[in-house]
Amino acid sequence: FFLLIRQPPRSTQGVSSAASDVYKRQINAEYMGKQEMDKKGPTTPTQQHVPDPNKSFKPIKTINKGNKGYGLIQIAKMTLGSGNMQLAVELPAGEDLNEWLAVNTVDFYNEISILFGVLQEFCTQESCPIMSAGPKYEYLWADGHDVKTPLKVSAGEYINFLMTWVENQLNSEAVFPTNIESAFPRNFLNIIKVIFKRLFRIYAHIYHSHFHHIMSLGLEYHLNTCFKHFIFFIDQFKLVDAKELAPLAELIPVSYTHLRAHETSLHLVCRLLL
């Protein structure tokens with residue numbers, strides 16, 4: 001994977017300010033309205049705008065009963081429903097770390113696939129000729145195996161390469177074993193770190209290039225909630241280096257501080273639908 005940092009043209013500076021403003025307004029509104037929401041009880045998913053899972057970019061990955069990780073999926077659903085995001089990302093007592101990382105990786109992959117599924121018609125060769133995260137960051141595709149020489153491709157092509165690569169990892173018994181008796185590879189944590197580093201880049205592209213589309217679809221709350229959970233998770237297990245998060249630096253400090261202090265059950269709507 002290669003990242004190019006380039007000087008922003010004047011016409012595109014501050015391109016993510018709208019996303020940052022909406023994100024912060026959402027958090028402030030949730031905090032100010034917390035007592036009122038607590039009186040009314042948790043908001044049901046039907047009251048929120050959510051993307052159609054049937055239009056996901058890639059087929060939704062499931063963990064079947066009897067397979068490795070199925071029990072943890074049930075635990076994850078219960079903790080997500082508690083309204084405590086910090087609890088939702090913490091390793092359950094007595095459980096295997098690799099298995100917890102695995103089931104959550106599947107879930108985050110599904111979330112991003114659903115999100116990009118509603119945006120792919122806007123992310124075209126003409127509108128997004130390069131994979132970027134604002135004017136300063138451009139990504140070139142290389143997976144180190146099939147593609148060793150970095151390729152400059154459109155954002156849509158890049159995300160397709162990336163999601164196909166993640167899908168192949170998830171479908172590999174050698175990497176993500178489904179048999180309860182099978183062990184995870186010794187380098188599993190390193191693989192997980194690469195997956196999350198790459199998935200973050202899709203969020204970065206969405207916020208910088210497609211947030212106006214997200215708002216027109218009424219999905220800004222859904223996107224912000226999913227991104228918040230993603231940040232909590234990578235922070236909990238130190239999965240992504242801080243330098244990789246630079247394209248969304250305006251949003252992430254809010255996630256790490258203000259959001260931790262004022263969690264509400266509303267943040268969990270998008271996760272409960274998967």
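When we talk about a helix axis here, we mean a line fitted to the C-alpha atoms over the stretch in contact, and the angle between two such axes runs from 0 to 180 degrees between their N-to-C directions. Two packed helices are described by that angle and by the distance between the axes.

Now look at the structure above, which is a predicted model. The protein chain has 274 residues, and 51% of them are buried. Its secondary structure comes to 12 helices and three strands. Among the chain's contacts with a separation of 6 or more, 80% join residues 24 or more positions apart.

Let's pick out two of the helices. H5 (97-117) packs against H7 (residues 188-209) at an angle of about 20°, with 11 Å between the axes. Angles under 35 degrees count as roughly parallel, so that is how H5 and H7 are described. Their crossing is left-handed. On the H5 side, the contact includes Leu101, Phe108 and Leu115, while H7 brings in residues including Ile192, Phe196 and Leu199. What kinds of residues make up this contact of H5 with H7? There are 13 nonpolar ones, two polar and one charged.

Follow the chain on from H5 and you get to valine 118, in the loop between H5 and strand S2 (131-132). Is valine 118 buried or exposed? Buried means under 20% relative accessible area, so valine 118, at 15%, counts as buried. Setting aside neighbours within four places in sequence, valine 118 is in contact with Pro51, Lys55, Leu217 and Leu219. Isoleucine 214 is 96 residues away from valine 118 in sequence, yet their C-alpha atoms are 8.8 Å apart in space.

Definitions and conventions
Residues numbered from 1 in each chain as written. Predicted model: local features only at pLDDT ≥ 70, side-chain atom pairs only at ≥ 80, totals over all residues. Heavy atoms only, no water. Helix = DSSP H or I, 4+ residues; strand = E, 2+ residues; numbered from the N terminus. Buried < 20%, exposed > 50% of the residue type's maximum accessible area, 1.4 Å probe, protein only. Contact = heavy atoms within 4.5 Å. Parallel < 35°, antiparallel > 145°, perpendicular 65-115°, else oblique. Left-handed = near helix turned anticlockwise from the far one by under 90°. Nonpolar A, V, L, I, M, F, W, Y, C, P; charged D, E, K, R; others polar.
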